[in-house]
Structures are given as structure tokens and as C-alpha cells.
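Here are some friendly notes to read beside the model. Take the points in order, and keep the 3D view open as you go.

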Amino acid sequence: MSAKKQPTTVWHYTYDHIVDILESGVLLPPRMTPHFDYSNPSLLFFGDRIKKDRGFQADAKLLLFSQRADWEPASYRTLGGVPLQKLEDYEACGIRMYRVGVSRDLLHPWMRLKQLCGMPHAMAKALEETAREIGSNPFDWWGTMRPITKDKWRSVEVYNPETKSWEPVTEVPQIEQEVALPEAELKVVFDKEGNLAAGRAILEEIIASGKSKFVLVERVGKVPNA
């Protein structure tokens with residue numbers, strides 16, 4: 001009798017938030033994190049009115065993972081207005097990268113997940129297009145809208161730039177300085193219908209790339225449909 005195949009491990013890539021994750025013993029969707037209301041870039045700029053936007057609501061529900069075992073480009077962060085999309089970028093900036101692995105059986109594939117969270121079609125399409133441009137594949141994405149506790153974690157690892165490999169984390173790391181994400185740079189993003197295109201990943205990337213399908217409006221006082 002052949003041995004039962006072990007479910008694939010998928011990875012949640014993260015940065016300085018690893019301290020909160022390890023100390024709490026749980027992976028949380030963004031809206032459930034203690035710091036969500038005062039650390040989210042969209043909330044800092046738009047205020048509570050952004051919470052009514054369907055795209056923002058969908059994005060805030062998602063705890064995302066990737067089945068890529070090397071690195072997930074779409075999990076990048078931005079430092080000083082510059083997107084750090086490659087492992088080498090983080091090494092050059094002295095930023096440590098971490099990941100938590102869980103069984104893929106706990107999660108939904110992206111194509112199902114975006115429906116479950118109520119993500120608008122235009123937002124999902126823009127996110128997928130942008131992801132492919134930076135070397136990511138949405139079919140690698142998995143996720144949930146529920147917390148995943150420590151007893152379901154398979155591994156916690158840190159990237160070692162010297163060996164170019166992922167290694168087990170043996171203790172809670174000391175984060176000397178928290179790397180802050182840039183705010184929306186006083187720009188608002190709308191789709192063709194005039195609806196706000198919310199979501200941190202989309203907002204940051206569209207602002208950086210200036211995609212023609214969206215209108216960038218600086219210093220707007222009122223957000224329509226918000």
C-alpha cells in the first residue's frame with residue numbers, strides 16, 4: 001500500500017509583524033489584527049469612510065498564502081516610495097523576511113477566495129494583472145478569512161541572505177526598527193465607473209505604475225460612493 005501523500009505546504013510571507021505573530025500564536029486576517037485601525041495606509045488617508053468600500057472590505061478579510069517555496073513577489077512592501085519586489089532588494093535594505101507555513105488543505109484557492117470575500121471583479125482583475133507583471137502567478141495564491149492558530153503551523157522560517165535559503169526560526173526575533181509602509185501620497189484611485197479602487201496592494205502598485213485604466217486625483221476632498 002502506498003503512503004498517503006502529505007498535503008502541500010503553503011507560505012504566509014511577512015516582515016516585522018513576525019513578532020506579533022509569534023507572541024500571539026495566531027495568524028490573523030488584516031481586519032482582526034490589533035493595529036489595523038491605526039496602521040492601515042488606506043484608513044490613515046481616507047478615514048473610516050473607506051470601510052464602506054467593497055474592495056477595501058474584501059482586502060481586509062484576506063489572510064493570504066502562496067505555494068511558491070522560494071518567494072512570493074506579490075507579497076512585496078514599499079520603502080520610501082520604492083517597491084521591494086525581489087529577495088535581493090530586502091537584503092540591500094537590511095530587512096529580514098519571514099514566513100509561516102501551513103497545510104494547503106486549510107485554505108481556499110484564489111479563484112474561489114476572491115468570490116467568497118466579495119471582491120469586485122475590476123479590483124481582482126487589476127490585482128491579477130499587476131501581479132503577473134512583477135513575476136507572480138495568482139494560481140499560486142491560497143487563503144482564508146479565518147484565523148489560523150499556532151497548532152496548525154508547520155514551520156516558521158527566516159530568509160538567510162548569506163546561504164540564500166530559508167531557515168527555521170528558533171526564537172522571537174528582535175526587530176530594531178519597524179519599517180513603515182508609505183501612505184497614499186495624497187492620491188486617490190478610481191476605476192472607469194468612478195468607484196474607489198481600494199486595497200493596499202492595488203493602491204500602492206497603481207500609484208507607482210500610473211496605469212492608464214485608472215484616474216489618479218491629487219488632494220481630493222470628497223470621495224464619491226464612499
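1. A residue is called buried when its relative accessible area is under 20%, exposed when it is over 50%, and partly exposed in between (1.4 Å probe, protein chains only). Helices (H or I, at least four residues) and strands (E, at least two) are DSSP runs, numbered from the N terminus. With those words in hand, look at strand β10, residues 153-160: seven of its eight residues are buried, so the strand is largely enclosed by the rest of the structure.

2. A word on what you are looking at. This is a predicted model, in which local features need pLDDT of at least 70 and side-chain atom pairs count only at pLDDT 80 or more, while totals for chains, interfaces and linings use all residues. Residues are numbered from 1 along each chain as its sequence is written, and side-chain values use heavy atoms, with hydrogens and water left out.

3. Now the overall picture. The protein has eight helices and 13 strands, and 44% of its 226 residues count as buried. Contact means heavy atoms within 4.5 Å. Among contacts between residues at least 6 apart in sequence, 76% join residues at least 24 apart.

4. Which strands pair with β10? Two strands pair if DSSP finds at least two bridges between them. Strand β6 (residues 98-103) pairs with β10 in the antiparallel sense over five bridges, and glycine 101 has serine 155 of β10 as its bridge partner. Four residues lie between the strands of the β10 and β11 hairpin, where lysine 164 takes a positive phi near 55°.

5. Strand β8 (residues 141-144) is covered on both faces: Trp141 and Gly143 are buried on one side, and Trp142 and Thr144 on the other. Strand β3 (residues 63-66) pairs with β8 in the antiparallel sense over four bridges, with phenylalanine 65 bridged to tryptophan 142. Strand β7 (residues 108-109) is likewise antiparallel to β8, over two bridges, and histidine 108 stands opposite glycine 143.

6. Please take a closer look at serine 66, which belongs to strand β3. Is serine 66 buried or exposed? Serine 66 is buried, because its relative accessible area is 1%. Its side chain reaches the backbone nitrogen of arginine 68 at 3.1 Å, a polar contact (a pair of N or O atoms within 3.5 Å; within protein, one must be able to donate a hydrogen and the other to accept it, and residues adjacent in sequence count only if both atoms are side-chain atoms). Leaving aside neighbours within four places in sequence, serine 66 is in contact with Val10, Trp11, Tyr13, Glu72 and Asp140.

7. Helix α7 covers residues 121-133, 13 residues in total, and reaches 19 Å from its first C-alpha to its last, close to the 18 Å expected at 1.5 Å a residue. That expected span is 1.5 Å times one less than the number of residues. The buried residues in α7 include Met123, Ala124, Leu127 and Ala131. Just after α7, glycine 135 takes a positive phi of about 95°.

8. Finally, compare glutamine 115, found in helix α6 (residues 110-116). Glutamine 115 is exposed, because its relative accessible area is 53%.
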